[in-house]
Amino acid sequence: MPYDLKEIAAISGMPGLYRLVRPTRAGVIVESLDERGTRSVASARNKVSLLQEISIYTQDYDQTVPLTEVFDRIYQKYGTDLTVTNKSDDRELATFMGEIIPDYDRQRVYMSDIKKLVTWYKAVSGRLEYQAADAEAGASPEEAADGQSNGQNQTATKESTEAGTQQDTPAADEALSTAGIIPTEQDSEAAGNPEAVTAAPAKKAKKKAE
């Protein structure tokens, strides 16, 4: 994983990106991913979208490209000196996206998503260190392929859950319209998972004595 995105998130109602620090009873303590590194608390009402759970739709409905891989492709081509910005014209941004993901879905990936992708990459590449995937070097090609396939399948399942909630113009502080932000039951209950504090406790059915 060249850029470690597992603790980086977009939070509804809060502009920019944030590093998750630790959960609290009221929500989760976060640190802004900028030069100031301001800490604040995201309440349980805020929707936390982890970047590593976000993928980009492709023309194949069964395939998506994880954001970690998208960032890696951008780095391999541009490094940290990305030529486009969120203020570039639509044609330039569409060309950029086509270079990174030639088969991205032009219908389901909106221009606002591409602008947000550019903004997020600049924030991440400016604050996080790019790491070569040394941990995967010892894995066999078959194991690597299986791991990638499983990750894509899991993300695609999450994507299908969100497909009916897309909007034409997503708010600037929300995740991409391609976000797969519905955690599995195991992920939600995992110890140390910052999102676990936002999950409502399950209600137990009560039976009345006859």
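This is a predicted model: local features need pLDDT of at least 70, side-chain atom pairs count only at pLDDT 80 or more; totals for chains, interfaces and linings use all residues.

Q: What makes up the secondary structure of the chain, and in which pattern does it run along the sequence?
A: The chain contains 5 helices and 7 strands. Read along the sequence, the pattern is β-β-β-β-β-β-β-α-α-α-α-α.

Q: Why are β1 and β2 called paired strands?
A: Pairing requires at least two bridges between the strands. Strand β1 (residues 8–11) and strand β2 (residues 14–23) have 4 bridges in the antiparallel sense, and they therefore count as paired.

Q: Why is the contact between Asp4 and Lys6 called a salt bridge?
A: The cut-off is 4 Å between a side-chain nitrogen of Lys or Arg and a carboxyl oxygen of Asp or Glu. In this pair the closest N and O atoms are 2.6 Å apart, so the contact qualifies. The structure holds 6 salt bridges.

Q: Are Asp4 and Lys6 buried, exposed or partly exposed, and why?
A: Partly exposed lies between the 20% limit for buried and the 50% limit for exposed. Asp4 has 33% relative accessibility and is therefore partly exposed. Lys6, with a relative accessible area of 42%, is partly exposed because that value also falls in this range.

Q: What makes Arg73 and Glu69 a salt bridge, and where do they lie?
A: Their closest N and O atoms are 2.6 Å apart, and the pair therefore meets the 4 Å criterion. Both residues lie in helix α1 (residues 67–78), 4 residues apart, about one turn of the helix. An α-helix has 3.6 residues a turn, so residues three or four places apart point the same way. Arg73, at 29% relative accessibility, counts as partly exposed, as does Glu69 at 23%.

Q: Which residues are linked in a network of salt bridges?
A: Arg19, Glu31 and Arg39 are linked in such a network.

Q: How does the span of α3 compare with the expected value, and why is 24 Å expected?
A: The expected span is 1.5 Å times one less than the number of residues. Helix α3 (residues 111–127) has 17 residues, and the expected value is therefore 24 Å. From its first C-alpha to its last, α3 reaches 25 Å, close to that expectation.

Q: Which residues of α3 are buried, and what covers them?
A: The buried residues of α3 include Ile114, Leu117, Val118, Trp120 and Val124. Their cover includes β1, β2, α1 and α2 (90–100). In the chain of 210 residues, buried residues make up 40%.

Technical notes:
Residues are numbered from 1 along each chain as its sequence is written. Side-chain values use heavy atoms; hydrogens and water are left out. Helices (H or I, at least four residues) and strands (E, at least two) are DSSP runs, numbered from the N terminus. Buried means under 20% relative accessible area, exposed over 50%, partly exposed in between (1.4 Å probe, protein chains only). Contact means heavy atoms within 4.5 Å.
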